[in-house]
Amino acid sequence: MMWLSWRQARAQTATLYAAVAACAAVLAVTGPRLPRSGAGIFDLLTPGDRRLYFTGLIVVAVAPALVGAFLGAPMVARELENGTHRLAWSQGVTRTRWLAVRLGLTALAAAAAVGVLTLAVTWWAAPLDGAASESRGSLPSRLTPVSFAMRGITPVAYTVFALVLGVAIGIVLRRSIAALALTLALFTFVQIAMPLWVRPHLIPPTTQVTTISEDTIDGIGYHDSDPVPTLEVRGPAGAWVLSDRTVDASGRAVPVPASFVDCDPGPPRPDQRVTEVRPRLETCLTQLSAAGYRQQLVYQPASRFWPLQWAETGVFLALSGLLAWFSFWRLRRV
């Protein structure tokens, strides 16, 4: 049974491991070139280093989806579509054992491959993830949605989930191509929905209320449809900022007064001295503070990277368990 399972998935598995080996080789060759520490590391990065950084994020993000689509979706759907499942189930192998062996071996192989890939990418990016600076050289911190799910242990959980999702969809649809497409669509939706609606609440975020002054306000932003600007404060280094809003004396989120439009000096004119611009802005910020306005920052601090990793991993492993149970239950009724 194990030999048959290997033969049926050997092409996809060999391709996966070859791709992981190629990526690991590139990272092993280019990684030692990176500086090892210091906030100034971002000034030393070459365009090639930046491309590799973002390519690593993309590859780790895409890998679980490809596993679910090309290993999970056709695993049972192809058998049901071609009718070959009847031969396997007539050879003294129960449906439960047949699926358990195939799903278990494939899950272990895929999780190991993506785990090695994630480890290589994390090792390569470690100097950048660990360096702190005001702008991080325009690179995201590892706690932000851009890179969180491509670091640590969550890619392995995503891989197991995508694989079992593909199997479950394949059993229901019984069509390989349709199952492949739906697996990609649903997994992409989950990848988008998780940081938007679930991850921020896995651990209660930290709330910080700051007085409004020139020292605390980091910037003034505008939205296309709103002429009234918004105030912005800088979060702690490496933090994932969930919301940055102005509140009144009672703690309700409110826009800044419309009169603040006249206070914002905007970019200075070439013939205008800074000393002519700053006093007006200082006066406006002081008036806002005196009126009871504060800036409320809600964020997940950088220290919660691993607690969030474990929490999200637990969520996806639990979902994988539910999908696996559904797959076995559904297969017995085919």
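The lining of the largest pocket comprises, by class, 13 nonpolar, 7 polar and 8 charged residues (nonpolar being Ala, Val, Leu, Ile, Met, Phe, Trp, Tyr, Cys and Pro, charged being Asp, Glu, Lys and Arg, and polar the others, Gly among them). The model is predicted, with local features requiring pLDDT of at least 70 and side-chain atom pairs pLDDT 80 or more, while totals for chains, interfaces and linings use all residues. Residues are numbered from 1 along each chain as its sequence is written, and side-chain values use heavy atoms, with hydrogens and water left out.

The largest pocket has a volume of about 530 Å³ and is lined by 28 residues, with Arg136, Pro236, Ala237, Gly238 and Ala239 nearest its centre. Two or more lining residues come from each of α4 (95–130), β3 (226–233) and β4 (240–247). A pocket here is an open set of points on a 1 Å grid over the protein atoms alone, where a 1.4 Å probe fits, with protein on both sides within 12 Å along at least five of seven lines; lining residues have an atom within 4 Å of a point. Grid points are joined across faces, edges and corners, and a volume is the space filled by probe spheres set on the points.

What, then, lines the second largest pocket by class? Its lining holds 12 nonpolar and 2 polar residues, with no charged residues. This pocket has a volume of about 260 Å³, and among its 14 lining residues Thr15, Leu16, Ala63, Leu66 and Val67 lie nearest the centre. Both α1 (2–30) and α2 (47–82) supply at least two lining residues, and α2 gives the most, with 7.

Leaving aside residues up to four places away in sequence, Val76 touches Trp98, Leu99, Val167, Ile171 and Leu331 (contact meaning heavy atoms within 4.5 Å).

The protein chain has 9 helices and 5 strands, taken as DSSP runs (H or I, at least four residues; E, at least two) numbered from the N terminus. Of its 334 residues, 44% are buried.

Terms used
Buried < 20%, exposed > 50% of the residue type's maximum accessible area, 1.4 Å probe, protein only.
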